[in-house]
Amino acid sequence: MSTNWVNKKLAGWGRYPVVEMLCARPQSPSELRQALADRGADSVLAFGLGRSYGDVGLLRHGKAILTERLDRMLAFDPESGWLRCEAGVGLAEIIKVFLPRGFFPPVVPGTQFVTVGGALANNIHGKNHHVDGCWGDHVRRVELLTASGEIVFCDKDHEPELFWATVGGLGLTGLVLSMEIRLTPVHSPHIDMETVRVNHLDEFFEVSAASADFTHTVSWIDCAKRGLKMGRGVFMRGRHAAADATLEKSPLTGVLDLVKSFADGRPFESNLLLNKLTIKAFNEAYFRIHPAGTHRSIADLHGFFFPLDAVDNWNYAYGSRGFLQYQIAVPHDPEHRVMREVLRRVSDTGMASFLAVIKEFGDQQHGGLSFPIPGVTLALDFPNYGPALFALLDTLDALVVEAGGRVYLGKDARLSRQHFRIMYPEWERWRAVRDRWDPNGVFKSELGKRLGLVD
Ligand SMILES: Cc1cc2nc3c(=O)[nH]c(=O)nc-3n(C[C@H](O)[C@H](O)[C@H](O)COP(=O)(O)OP(=O)(O)OC[C@H]3O[C@@H](n4cnc5c(N)ncnc54)[C@H](O)[C@@H]3O)c2cc1C
């Protein structure tokens, strides 16, 4: 049977840009192959759960393969933790099925609503990057439907170049059908965690340096603060709890209540919910919820890893214009000059970020188009203020480039080709591998075209 293509408006999590695509929803590998064969002259791209922020998963005048129905778990070995599953399986599903059996995904982002295919394509990192690296560090084999229609199993020994180009390959090397991932054994559905209130950026780095014993670390900061209070925030660190740990009241409960109260009953489409004033009020309240000093508690795992999942569609709170996330990584610098300058410029423009998250990465690095480098990463969410915001981000890119840093492509919607090429010096090698497997440009994306990853 030929493929039924349905016209849909698609967007990433930032709801900018919005693109119309003809979409297929195959529910078996054979329907997926059929869809690839039925694409006509159009290029195609996989679309997972749409939790990338910008245009990495979009293609104007192209065809989208929605992977949501390719969601079967195929095999699991409880001795080793190896799970083989289709690419449309979501992390939420893995957690639901395997947490009660004592296993957890090896790496999770700040939402559980991503597919394993999306996790591989952006080679995602989590709060445990300094210990466990990225998603690709825990994948042993990938089954890929390539541009020619051939299915290739690749791993670190067989077709290793294709394997590494696909890890963090932004969906441009082919359609991932399935993969083998090693789940992490855990003894509890809770997290043994500490929150530490930090008063400025130097204190963040001091606490981070003193947190090497914790498998998971991350910090929220109030990026509207300037001067001596620049970098004020709350450092969170934790580890999977012991088997006998019981849940306690933690500051996370207050955070969830705060997030929900901001969303509650407000007109999501009005462009009013997240403006400069509410963003400021939110940041102040978030800081005050946390007790001064260090506070230890046994917290709910979902609240620790995925606090924003408590509010459905919170991305609509920025209104119809959408929002952009700007995530950078820069190498270590004892004076943290770029971080300071970025925060200074953001607060000077008054374009406060609702969420600002900072974390020190570990030394694991993949090369190719994978984002993490040894150093520190900062993620900022901005309402889409239009040209003023784009101009600000261009100037921040220049600072980041100068410091040897980079922008996370999985969250990008506007980086220039010129800056990209300096940020990701291995792009040409990556492209040579991709072009070998897809010489006619079957797989394309808006981001790929903008950055010169495809023609
Ligand atoms: C609240 C929130 C918090 C986040 N926190 C983090 C974080 O801490 N760390 C981090 O690294 N990321 C984070 N992210 C980003 C998110 O983890 C990634 O963008 C992830 O790739 C999204 O997966 P998805 O299934 O939604 O994929 P989509 O967004 O739909 O697609 C992403 C890319 O994957 C490709 N793709 C999807 N499926 C396949 C397939 N089967 N074969 C080939 N290519 C495929 C698409 O073509 C596209 O290029 C966060 C996102 C949100 C919304």
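Strands β8 and β9 (residues 151-155) run antiparallel and are joined by 5 bridges; strands here are DSSP runs (E, at least two residues), helices are DSSP runs (H or I, at least four residues), and both are numbered from the N terminus, while two strands pair if DSSP finds at least two bridges between them. The model is a predicted one, in which local features need pLDDT of at least 70 and side-chain atom pairs count only at pLDDT 80 or more, whereas totals for chains, interfaces and linings use all residues. Residues are numbered from 1 along each chain as its sequence is written, and side-chain values use heavy atoms, with hydrogens and water left out.

The two strands β8 and β9 form a hairpin with 5 residues between them. Gly149, in the turn, has a positive phi of about 95°. Strand β8 (residues 139-145) also pairs with strand β10 (residues 175-182); the sense is antiparallel, over 6 bridges. Arg141 stands opposite Asp155 in β9 and opposite Glu180 in β10. Of the 7 residues of β8, 5 are buried (under 20% relative accessible area; exposed is over 50% and partly exposed in between, with a 1.4 Å probe and protein chains only).

An open sheet is formed by 8 strands with antiparallel pairing, in the order β15-β12-β14-β13-β17-β18-β16-β19. Its edges are β15 (294-300) and β19 (406-407), each with a single partner strand, so one side of each has no neighbour in the sheet. Within this sheet, β13 pairs with strand β14 (residues 233-240) in the antiparallel sense over 6 bridges, and Trp220 has Val234 in β14 as its bridge partner. Thr217 belongs to strand β13 (residues 216-221) and is buried, with a relative accessible area of 6%. The side chains of Thr217 and Lys359 are joined by a polar contact of 2.9 Å (a pair of N or O atoms within 3.5 Å; within protein, one must be able to donate a hydrogen and the other to accept it, and residues adjacent in sequence count only if both atoms are side-chain atoms).

The ligand is surrounded by 33 residues, the closest being Ala46, Gly48, Arg51, Ser52 and Thr115 (a residue is near a molecule or strand if one of its heavy atoms lies within 4 Å of it). An oxygen atom of the ligand lies 2.9 Å from a backbone N or O atom of Gly50, and an oxygen atom of the ligand lies 3.1 Å from a backbone N or O atom of Val56. For His125, a polar backbone atom is 2.7 Å from a nitrogen atom of the ligand. Thr115 is placed in the loop between β7 (103-104) and α3 (116-121). Thr115 is buried, with a relative accessible area of 3%, and a polar atom of its side chain lies 2.9 Å from the backbone nitrogen of Gly118.

Rolling a probe the size of a water molecule over the atoms shows where empty space is left. A search of the whole structure gives 2 cavities of 30 Å³ or more. On a 1 Å grid over the protein atoms alone, a cavity is a set of points where a 1.4 Å probe fits but cannot get out, and a pocket is an open set with protein on both sides within 12 Å along at least five of seven lines; lining residues have an atom within 4 Å of a point. Grid points are joined across faces, edges and corners, and a volume is the space filled by probe spheres set on the points.

The second largest cavity has a volume of about 40 Å³. Its lining includes Asn122, Asn123, Phe371, Tyr408 and Tyr424, and comprises 7 nonpolar, 5 polar and no charged residues (Ala, Val, Leu, Ile, Met, Phe, Trp, Tyr, Cys and Pro count as nonpolar, Asp, Glu, Lys and Arg as charged, and the others, Gly among them, as polar). The second largest pocket holds about 390 Å³ of space. It is lined by 19 residues, with Lys9, Leu10, Ala11, Phe47 and Tyr316 nearest its centre. Strand β1 (residues 6-11) gives the most to this lining, with 4 residues.

Most residues other than glycine have a negative phi, and most peptide bonds are trans. Tyr16 and Pro17 are joined by a cis peptide bond with omega of about -5°. His61 has a positive phi near 60° and is exposed, with a relative accessible area of 71%.
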